[in-house]
Amino acid sequence: MAMEKPAEAQTHFGNLVWVNTKMDALRESECLCMNCELFKPNTDGHCRIAAAGYALCRLTNISFAVTRCPAFIPKAP
Ligand code: SF4
């Protein structure tokens, strides 16, 4: 199985990266972290799993959406 569109070269935070634009467009709304009660960046109560993921993203210039997590708690509507 292949991607619908080829990856696109873009500059993010001053670095040239390859982007799956379809996945990237969904990240903000569909990532479990963005919809989780435990996602509280810059607070003492922030999720340690999400913090570790973010540290990896910072270190390697990657980005990902979490699609599976054993600790997910849906945000109240
Ligand atoms: S518990 Fe899972 S879904 Fe929620 S913020 Fe942490 S890593 Fe993301």
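Strands β1 (residues 8-12) and β2 pair in the antiparallel sense, with 5 bridges between them. The model is a predicted one. Its protein chain holds 2 helices and 2 strands, and from the N terminus on these elements follow the order β-β-α-α. The chain has 77 residues, of which 4% are buried. A ligand is present, and the residues around it include Leu 32, Cys 33 and Phe 72.

**The strand pair**

- β1 and β2 form a hairpin, and 2 residues lie between the two strands.
- Across the pair, Thr 11 in β1 (residues 8-12) stands opposite Leu 16 in β2.
- Strand β2 covers residues 15-19, and it lies largely in the open because 0 of its 5 residues are buried.

- Phe 13 belongs to the loop between β1 and β2.
- The phi angle of Phe 13 is positive, about 50 degrees, although this residue is not a glycine.
- Phe 13 has 8 C-beta neighbours inside 10 Å, and it counts as exposed because a residue with 12 or fewer is placed in that class.

**The overall chain**

- The C-alpha trace of the protein chain spans about 35 × 25 × 20 Å along its principal axes.
- Contacts between residues at least 6 apart in sequence can be sorted by separation, and 49% of them join residues at least 24 apart.
- Helix α1 covers residues 21-30 and helix α2 covers residues 48-60, with a loop between them that contains Leu 38.

- Met 1 sits in the segment before β1.
- Met 1 is exposed, because 2 other C-beta atoms lie within 10 Å and the limit for this class is 12 or fewer.
- Met 1 and Ile 62 are 61 residues apart along the chain, and their C-alpha atoms are separated by 22 Å.

**The ligand shell**

- The ligand is surrounded by Leu 32, Cys 33, Cys 36, Leu 38, Phe 39, Cys 47, Ile 49, Ala 50, Val 66, Cys 69, Ala 71 and Phe 72.
- Sorted by class, this shell consists of 12 nonpolar residues, with no polar and no charged ones.

- Leu 38 is one of the residues around the ligand, and its place in the chain is the loop between α1 and α2.
- Leaving aside residues up to four places away in sequence, Leu 38 touches Cys 47, Ala 71 and Ile 73.
- Two of these partners, Cys 47 and Ala 71, are also listed around the ligand.
- Leu 38 and Asn 20 are 18 residues apart along the chain, and their C-alpha atoms are separated by 27 Å.

**Another residue in that loop: Asn 42**

- Asn 42 is found in the loop between α1 and α2.
- The phi angle of Asn 42 is positive at about 65 degrees, although Asn 42 is not a glycine.
- Asn 42 counts as exposed, because 5 C-beta neighbours inside 10 Å is within the limit of 12 or fewer.

How values were computed. Residues numbered from 1 in each chain as written. Predicted model: local features only at pLDDT ≥ 70, side-chain atom pairs only at ≥ 80, totals over all residues. Buried ≥ 20, exposed ≤ 12 C-beta atoms within 10 Å, placed from the backbone. Helix = DSSP H or I, 4+ residues; strand = E, 2+ residues; numbered from the N terminus. Pairing = 2+ DSSP bridges. Near = placed C-beta within 6 Å. Nonpolar A, V, L, I, M, F, W, Y, C, P; charged D, E, K, R; others polar. Contact = placed C-beta atoms within 7 Å.
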